[in-house]
Amino acid sequence: MPELPEVETIRRTLTSVLIGQEIQGVEVLLEKAVKPSSEQLIRALVGRKIVELRRRGKYLLLLLDDDSRVAFHLRMTGRLLFLPKLTPLEKHTTLVLNFTDDHSLRFVDPRKFGTVVLYWPSTPPESLKKLGPEPLETEKAVVVSSLTTAAARRKGPVKGLLLDQRVIAGLGNIYTDETLFLAGIRPTRSVREITAAEWEKIYQSILTVLELAIEHRGTSRRDYVDGRGEPGNHQCYLQVYDRKKKPCLVCGSEIQYTRVAGRGTYYCPACQH
DNA sequence: GAACCCCTGGTT
DNA sequence: AACCAGGGGTTC
């Protein structure tokens with residue numbers, strides 16, 4: 001589901017209501033979603049207070065008052081919602097954190113792909129440790145160098161490289177297509193043919209696309225809502241994603257749909273080369 | 001790298 | 001009934 005702009009919006013909408021909350025109880029309704037185990041999670045979390053919310057790539061991190069952390073990954077359909085305890089549990093609720101103030105944090109995930117991991121910062125899970133640079137919070141040279149060094153030692157379409165979380169953190173299927181449209185580059189282009197000037201253009205496009213999407217509080221196509229249950233607005237501003245056979249908003253050509261790097265992919269045959 | 005898998009639900 | 005979906009881990 002959510003990519004960087006959606007997770008960032010969830011983080012922003014949950015920060016003010018979660019900071020300082022004390023965890024009174026934990027309900028695990030889907031054992032396979034949590035690590036190390038529901039027993040250990042419950043033992044570690046009850047009595048803890050939330051001191052900070054962070055985002056790393058597409059992960060939302062809860063920092064607790066004993067320095068432990070909980071990482072949520074929402075995958076395709078996960079939602080994190082702050083609701084009164086009295087609100088009935090919605091179908092497909094995976095995890096509930098109950099606080100001492102009669103509110104709760106619900107993790108709802110119809111496809112059950114989402115994960116919740118408790119860890120200590122000294123021993124982060126592999127998936128977090130391997131993440132590439134944060135596009136919005138890392139200096140340009142570091143991000144561009146991550147893209148170009150990865151490009152030098154791999155083959156295949158440029159879209160696949162941008163989707164690789166080890167190369168750059170936070171881009172998913174929507175924002176790679178939007179980025180490559182803005183950069184004027186076809187998703188199918190081989191990483192080997194991309195010039196230095198084009199990598200610069202891709203980098204700038206990533207920043208523009210992500211910042212605008214955050215301003216619009218994320219893209220709600222089907223499942224995504226923020227921590228208050230409100231949809232985002234960026235679906236109204238998408239240039240190519242989900243616009244198969246519709247006219248390009250820049251040139252009027254018919255937006256093409258194909259499969260690249262295993263994902264449904266949209267591009268303008270005239271604007272992108 | 002591509003292909004398949006984990007799941008449920010919406011669309012064609 | 002078949003195919004598709006804001007993801008990513010594991011297997012060829």
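This is a predicted model: local features need pLDDT of at least 70, side-chain atom pairs count only at pLDDT 80 or more; totals for chains, interfaces and linings use all residues.
Residues are numbered from 1 along each chain as its sequence is written, chains are lettered from A and ligands numbered from 1 in the order in which they are written, and side-chain values use heavy atoms, without hydrogens or water.

Helix α7 spans residues 196–215. Helices (H or I, at least four residues) and strands (E, at least two) are DSSP runs, numbered from the N terminus. Helix α4 (residues 140–152) packs with α7 at an angle of about 125 degrees. Their axes are 10 Å apart. Axes are lines fitted to C-alpha atoms, for helices over the stretch in contact, and angles run from 0 to 180 degrees between N-to-C directions. The angle therefore makes α4 oblique to α7. Angles under 35 degrees count as roughly parallel, over 145 as roughly antiparallel, 65 to 115 as roughly perpendicular and the rest as oblique. The crossing of these two helices, α4 and α7, is right-handed. A crossing is right-handed if the near helix is turned clockwise from the far one by less than a right angle, and left-handed if anticlockwise. On the α4 side, the contact (heavy atoms within 4.5 Å) involves Lys140, Val143, Val144, Leu147, Thr148 and Ala151. They meet Trp199, Glu200, Tyr203 and Gln204 in α7. By class, this contact of α4 with α7 has six nonpolar, two polar and two charged residues. Ala, Val, Leu, Ile, Met, Phe, Trp, Tyr, Cys and Pro count as nonpolar, Asp, Glu, Lys and Arg as charged, and the others, Gly among them, as polar.

Helix α6 (residues 173–183) also packs with α7 at about 125 degrees, with axes 8 Å apart. That angle makes α6 oblique to α7. The crossing of α6 and α7 is right-handed. Residues of α6 in the contact include Tyr175, Glu178 and Leu182. Those of α7 include Ile202, Ile206 and Val209. The contact of α6 with α7 divides into nine nonpolar, three polar and two charged residues.

Helix α1 (residues 4–18) crosses α7 at roughly 40 degrees, and the axes come within 9 Å. This crossing of α1 and α7 is right-handed. Leu4, Pro5, Glu8, Thr9 and Arg12 of α1 make the contact with Leu210, Ala213 and Ile214 of α7. Five nonpolar, one polar and two charged residues form the contact of α1 with α7.

A residue is near the strand if one of its heavy atoms lies within 4 Å of it. Sugar and phosphate account for 60% of the atoms of DNA strand B that come within 4 Å of the protein. By class, the surface near DNA strand B has two nonpolar, two polar and six charged residues. An N or O atom in the side chain of lysine 91 is 3.3 Å from a phosphate oxygen of DNA strand B. A polar side-chain atom of arginine 111 lies 2.7 Å from a base oxygen of DNA strand B.

Two loops hold the backbone features. Lysine 35 and proline 36 are joined by a cis peptide bond, with omega about 0 degrees. Proline 36 lies in the loop between β2 (34–35) and α2 (38–45). Aspartate 102 is not a glycine, yet has a positive phi of about 75 degrees. Aspartate 102 is in the loop between β7 (93–99) and β8 (103–108).

How values were computed
A polar contact is a pair of N or O atoms within 3.5 Å; within protein, one must be able to donate a hydrogen and the other to accept it, and residues adjacent in sequence count only if both atoms are side-chain atoms.
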